[in-house]
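Today I am looking at what surrounds the ligand and at a couple of annotated positions.

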Amino acid sequence: MSGASEIGESGLGQARPYDTVTVIGAGAWGTALAAMARRAGRTTRIWGRTREDIEAFSRTGRNDRYLNGVALPEGIEPMADLEEALAGTGCVLLVTPSRSLREMCGKLKGLVPEGAPVVLCAKGIEQGTGKLLSEVAAEELPGHVIGALSGPTFARETAMNHPTAVTLAFEFTPADRREPSQAPASRLATSLGSNTFRPYISDDLTGVEVAGAVKNVIAIACGMMTGAGYAENTRAALITWGLDEMKTLAEALGGRRETVTGLAGTGDLTLTCSSPTSRNMKLGLQLGQGIPRAECFGGQDTVVEGEVNAVSVNDLAERIGVELPVCRAVHDILHEGADLRQTFTDLWGRPLVGEPKALNVALDHPSQALERAMKAAQ
Ligand SMILES: NC(=O)C1=CN([C@@H]2O[C@H](COP(=O)(O)OP(=O)(O)OC[C@H]3O[C@@H](n4cnc5c(N)ncnc54)[C@H](OP(=O)(O)O)[C@@H]3O)[C@@H](O)[C@H]2O)C=CC1
Ligand SMILES: O=C(CO)COP(=O)(O)O
């Protein structure tokens, strides 16, 4: 795959999987990831905070609250005790919503075994601080290697074993580059990978995290316009602008534009902005149809990351001085009471400009050229 990192192309074959995978968060995505770890042959534990759900999961071998009717592989071990779930584990997948990350990391403190990497599977940016989730986790769990898993993945489809590909991002240390097969990224990829689940390794944690946070906001925009009766041309423009906003923010924070063209960016944006299976797209659709927020999802409390992250993305963009017009529009409609149609009309009414950013994608960014030259010199 283009954009695959050096490490991903070399030593993966010999990477030793972690024997035990612990998934924290027994919602839809945590359950799907537990299914993939189990299918890949790992001892797999899943922790959930609601004891009755965990008991039902243990009894039935299914998670009917979040993935109703989906058959899961045998042998997943549901647990309600955090200490038990983490004891001696090889790696941790953290799969609770982004707004709960700091609190959840606080609970994991002192329980994650030394050397066990922690993989963040939520999509978002912390409200109030504008920190990437990896920065939050690094603060709360010092000494642990932190990575992120992201990409186009509807939990139900993954759990049902439909072929799925994701990006697994870690910052690489010099030791990782010398011994790629020992790197946490490689070991995690072999721990989870199978012929239906393909993790691609990336060393651009920032790019992957930004893409995951922004795509949900753009999906709400696409839903809003579709719900309000606009058509496919409009949605395609929003997706393209959304991709550009991801690139702008990723690059401003030190990530790479090219990462955004991979699974965590283009892949996830395409999936989420095209299907009402996405909770973000669905919220937008319902709001676009004029349904009041409190009545969306039939009044049920549902995780819609783009709704909270419209605030954090927008605040962060303002703080670092980058313009993200689509994210801004979604923010203003959701949180400032702006009129939906007028806001989108204004988006189309911006001054006409060229498309230089899109053209630049094909060009070599100076930082990438420098990085390649340094690698070649090593
Ligand atoms: N669903 C999907 O298709 C995908 C989701 N993701 C991301 O994964 C993350 C989780 O989403 P998803 O699994 O779908 O969400 P769900 O709504 O399906 O499940 C959320 C889970 O998190 C738990 N939870 C919520 N708040 C807390 C908290 N404060 N402390 C501990 N546990 C908590 C819930 O527990 P309880 O049941 O007890 O309330 C539940 O187990 C999100 O960031 C989402 O964007 C990523 C890729 C795909
Ligand atoms: O992140 C997802 C797919 O990759 C899930 O999207 P929603 O949270 O919008 O359902």
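I began with the shell around ligand 1 and found that its largest share, three residues, comes from α2. This is a predicted model, where local features need pLDDT of at least 70, side-chain atom pairs count only at pLDDT 80 or more, and totals for chains, interfaces and linings use all residues. Residues are numbered from 1 along each chain as its sequence is written, while chains are lettered from A and ligands numbered from 1 in the order in which they are written.

Next I checked which helices contribute: α2 (28-39) and α5 (101-108) each give at least two residues to that shell. Helices (H or I, at least four residues) and strands (E, at least two) are DSSP runs, numbered from the N terminus.

I then listed the residues around ligand 1: there are 27, and G27, W29, S100, A122 and A155 come nearest. "Near" here has a C-beta atom, placed from the backbone, within 6 Å of the molecule.

From the record, I noted that the unreviewed UniProt entry lists several "binding site" positions, including Y66 and R279. Such annotations may be inferred rather than shown by experiment.

I looked up Y66 and found it in the loop between α3 (51-60) and β3 (77-79). Is Y66 buried or exposed? Y66 counts as buried because it has 20 C-beta neighbours inside 10 Å (buried is 20 or more, exposed 12 or fewer, partly exposed in between).
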